[in-house]
Amino acid sequence: MKPALFAFACVLTAAAATAQQGSTAQQGNTAQQGSTAQQGTAARQGSAAPQAQDPQQPTFRTGVDVITVDVGAVDGRGQPVTDLHGPEFTVKIDGQVRRVVSADLVKYDYTPDAGITRRPAPKQQEFETPFTTNITQPEGRMIMIAVDQMNIRPGAARPILDSAKRFLDRLNPADRVAFVSYPEPGVVVDFTGDRQRLRLAMEKVIGTQSRFVGRRNIGLVEAIDIAQKGDDRRMQEVTNRECRGLLDMALEQCMRDIVDESNSILWTTRRDTEASLRGLREWLQHLGETEGQKTLILLSEGLVTDSPSDLEDVVRAAMRGRIAVNVLLMDVPRSDATQGPLPPTFTEDRELEIRGLNDLASLSRGSIFQVVGTADRAFERLASEISAYYLLSVEQAPADRDGRNHRIDVSVSRRGVTLRSRQAFVLDPTGGRKTPDESLVESLRSPLGVAGVPLRLTTFIYQDPKASGKVRIVMAADVGQAGTASGQYTMGFIVVDDQGKVVASRSEKSKLEPLEARTNTSLSYLDSVTVDPGVYEVRLAAVDADGRHGSVVRDVNAWKMAGEEFTFADLVVNHAATASSGLRPDVEPHVDADGVAAYMELYAASEETFKDVKVEFEIAEDDAAPALLTMPVELKPGAQPTWRNAQGFIGAEPLPSGRYVTRAKIMRGGKVAAVLVRPFILEPAPASKGGPIVIPAAFARVATFDRSAVLQPALVNGMLDSIAATSPSLKSAMTEARAGRYGPAALEALSAGDQQTAAFLKGLDLYTKGQLPQAAIQLNIAAGPRREFYPAAFFLGASFAGLSRDQDAAGVWQMALGAEQRPPIAYTLLADARMRGGQIDAVITVLKPAYAQRPADDEVGKRLAIAYLVTAAFSEALPILDSYLTRHPADGDALFAAVLAQYQIATATGAELSAADRAKLLKYGRAYKGPQEPLLAKYLSSMGVNR
């Protein structure tokens, strides 16, 4: 049976070749109303990152001349030793000590157990993983379990394979495991995370060993001595045993039978050994084509070799492929009835069979474990040993790169530590330079990410509007590190279904650029493919112009959408400024303070379904955090009658810069049906904009004019008193006016010869009756051209304000203020009129001197604070708010505004808060109980104050 990896390589090679023919530049993918995401451009990295020092970070190498040696280190109990340092290692190459440049620990999650308890399934996440990356150290390993069925008796593998099934349960969920049996025909399961597929494959292996059966009982060692070595003494021993009592011609025939059967045993053994080594070598070579460290667990009862040199090709393949071969040596009982009579040299034969496997393990950085009965303890020990290893970077010499074997010896100064390392290495004299297509294929073969070019990949799932029943997978990737220069990349992907079959692939050479020409982001890649609904593995690889290559692997659930009663596509978010040309899917878009645009599609079997469906877009700090900002979204018709689009915009001005998520909350029948999440990065606001500003609506709301507010008896009587003080002849008129009889009062004033006061009182009478236009006529006459008669000017402005003529009202009130001290309401009414007209600077001009005269007047102070906040004069607003809160400590809107002002000051100056300011903010934060609590907490935490 042709191995799956052969076909896999062919698909990749074909994809690379196809990309060379007629490849056209792809258009940037957008998600617009009535359309789904399509194909896009690819991305690249122009330079590699410095070598990482953190053992849990991958290494993006820059071409340092070193030899990388992987070394396992265990203590006497088989537990990994994880605290070794570079100076403790000594490395000799061809007997000469070489400098160890670095020693990086690679460690994987491992929890010792009894080997019989299934590893708990990872907790189901409520939210989808935003993206997959090769920038962090991968949690998974590549492990191949190989069964040498040529050297296993029929049925003998069952107990050890049952243990192997339990071993699968103890592996990390991120581990990728392959299972093969060889020589052909054998069972093949490519690297997968599907443990059930592996268990089912193991059920099919039974062992195919068949020993030579002759007339004589001749042991393997005896046959080798007779047929290969011509050992007369051994021949005599076997003759004495097998030909006892025979004479003459019978004896001669018996001796010829011994020689013939010895030759047959030797030939059969060599045939089986060659077939076994050939099968193992082929799989090691295929594994070697996949980049990264691999572990091969070999199940066998023995391997007969003449000397370690017989293993040279196999060991070389393991060295080149960075494969550690660990052997589980299965026991062969002395009393096995399937093998016929016990060979006279059974013990020596077993030693010979074991020696070959022992040599194989020791030469390829592995261990050998002898198994009697079940292999649970052996697998437990193996799981411990492969949970950590060191990558030693050793100084390279020019003579190392000659294409020959070089002996390498690794030792450590610490006692009680056993090292597992290769005993030789071979370097390609050509430097191992590959073409971009070869590097692409190599990266795509790996079931785990390759850390050569930094990549971050996310996917978006849509119903395909053109292909009935199909779904479209859109792949968006960041290529390279932030700030990477634009350049040419060879990009490619494959999509693998849950049976290990490649269902789609593509590669191309593209120039990649950052979105919106930003200088602080990675390069952007976008592509898409249409598939049947199902569970897939997407592998994306990139090769830069310098030959560095990397890959990333992401599991994708392309759920069924067509014909479903109700379902939806993925959420797309990006910078609002880009929405006009279509919203492009991105990994983690950079967004300016002008806002976030969000888009998603919903599908149903009937239009009636959408009657009780609502969607809200939210911005929060993370998946589960309270919403900082929320916006209901109107559903609009989609590309088909039973499709709907939810598209909206959320301004980000209120938020500090940093990382956030946009959430789409889908509600059906008043209940939350689903929550979709996408991350974004909010860029700092330019200094010219003064930073993000938000004022609580209830605090900043400008009061509408209340006509009755100026008719308060105390206010009206005060104005009447001022008139009476300058006009004693109007005593009768003032008596009527104080009694609220403004009409008769006007007649009395007219009788006294004071037409101006008469006009004022008549206008006031009309004002109280709600006849504002008529009142304005009389009051305009009374106020005079320069508005010198203040009572009339005041009510003239009130008449204009009541008629919604705020500009006229403000003009009259402003002119009438003069230099005299006016009632407090005169300033607040004028400020409100200016505020309603959007003249914020004029509000400050009016209220600043008034507040200086009356700092305890909360109505004046509150309005002045609002004006300062709106104009980003936070340093002027804060002391007013602090003073106001001493008298109103529970005013939630003022508390929020004070925290906002302090946050803006701290952001602008960068100065550390004083102890007094911290205590004040902590007090404000604890006192606040309003709807903006999550946002207030965000402001406080950004200043280092936690409630």
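I began by settling what a polar contact is: a pair of N or O atoms within 3.5 Å, where within protein one must be able to donate a hydrogen and the other to accept it, and residues adjacent in sequence count only if both atoms are side-chain atoms. The model is predicted, so I kept in mind that local features need pLDDT of at least 70 and side-chain atom pairs count only at pLDDT 80 or more, while totals for chains, interfaces and linings use all residues. Residues are numbered from 1 along each chain as its sequence is written, and side-chain values use heavy atoms, with hydrogens and water left out.

**Entry: Asn-151**

With that in hand I went to Asn-151, whose side chain makes a polar contact with the side chain of Ser-276 at 3.4 Å. I also found the backbone oxygen of Gly-302 at 3.4 Å from a polar atom of the Asn-151 side chain.

Where does Asn-151 lie? I placed Asn-151 in the loop between β6 (142-148) and α2 (158-170); helices (H or I, at least four residues) and strands (E, at least two) are DSSP runs, numbered from the N terminus.

Is Asn-151 buried or exposed? Asn-151 counts as buried because its relative accessibility is 12%. My cut-offs are under 20% relative accessible area for buried, over 50% for exposed and partly exposed in between, with a 1.4 Å probe and protein chains only.

For contacts I take heavy atoms within 4.5 Å. Leaving aside residues up to four places away in sequence, Asn-151 touches Gln-209, Ser-276, Ser-300, Glu-301, Gly-302 and Leu-303.

**Entry: the whole chain**

I stepped back for the totals. The protein chain has 25 helices and 32 strands. Buried residues make up 54% of its 947 residues. Of the contacts with a separation of 6 or more, 72% are between residues 24 or more positions apart.

**Entry: strand β26**

Next I turned to β26 (residues 596-604). Nine of its nine residues are buried, so β26 is largely enclosed by the rest of the structure. I sorted the side chains by direction: Val-596, Ala-598, Met-600, Leu-602 and Ala-604 point one way, Ala-597, Tyr-599, Glu-601 and Tyr-603 point the other way, and all are buried.

Then I listed partners, counting two strands as paired if DSSP finds at least two bridges between them. β30 (residues 643-650) pairs with β26 in the antiparallel sense over eight bridges, and Ala-598 has Gly-648 in β30 as its bridge partner. β24 (residues 572-575) is antiparallel to β26 over four bridges, with His-575 partnered by Val-596. β23 (residues 566-568) is antiparallel to β26 over three bridges, and there Thr-567 stands opposite Tyr-603.

**Entry: a four-stranded sheet**

I followed an open sheet of four strands in the order β3-β2-β13-β15, with antiparallel pairing. Which strands are at the edges? The edge strands are β3 (96-98) and β15 (424-425), each pairing on one side only. β13 (residues 406-412) joins β15 over two antiparallel bridges, and Arg-407 has Ala-424 in β15 as its bridge partner.

In the loop between β2 (89-93) and β3 I stopped at Asp-94. Its phi is near 55 degrees, a positive value in a residue other than glycine. Asp-94 is partly exposed, with a relative accessible area of 42%.

**Entry: helices α18 and α19**

Two packed helices are described by the angle between their axes and the distance between the axes. I used axes that are lines fitted to C-alpha atoms, for helices over the stretch in contact, with angles from 0 to 180 degrees between N-to-C directions. The axes of α18 (residues 806-817) and α19 (residues 824-836) come within 9 Å and cross at roughly 145 degrees.

Ser-804 counts as exposed at 62% relative accessibility.

**Entry: cis peptides**

Last, I checked the loop between β7 (176-182) and β8 (188-192), where Pro-183 sits. A cis peptide bond joins Tyr-182 and Pro-183, with omega about -5 degrees. Pro-185 lies in the loop between β7 and β8, and the peptide bond from Glu-184 to Pro-185 is cis, with omega near 0 degrees.
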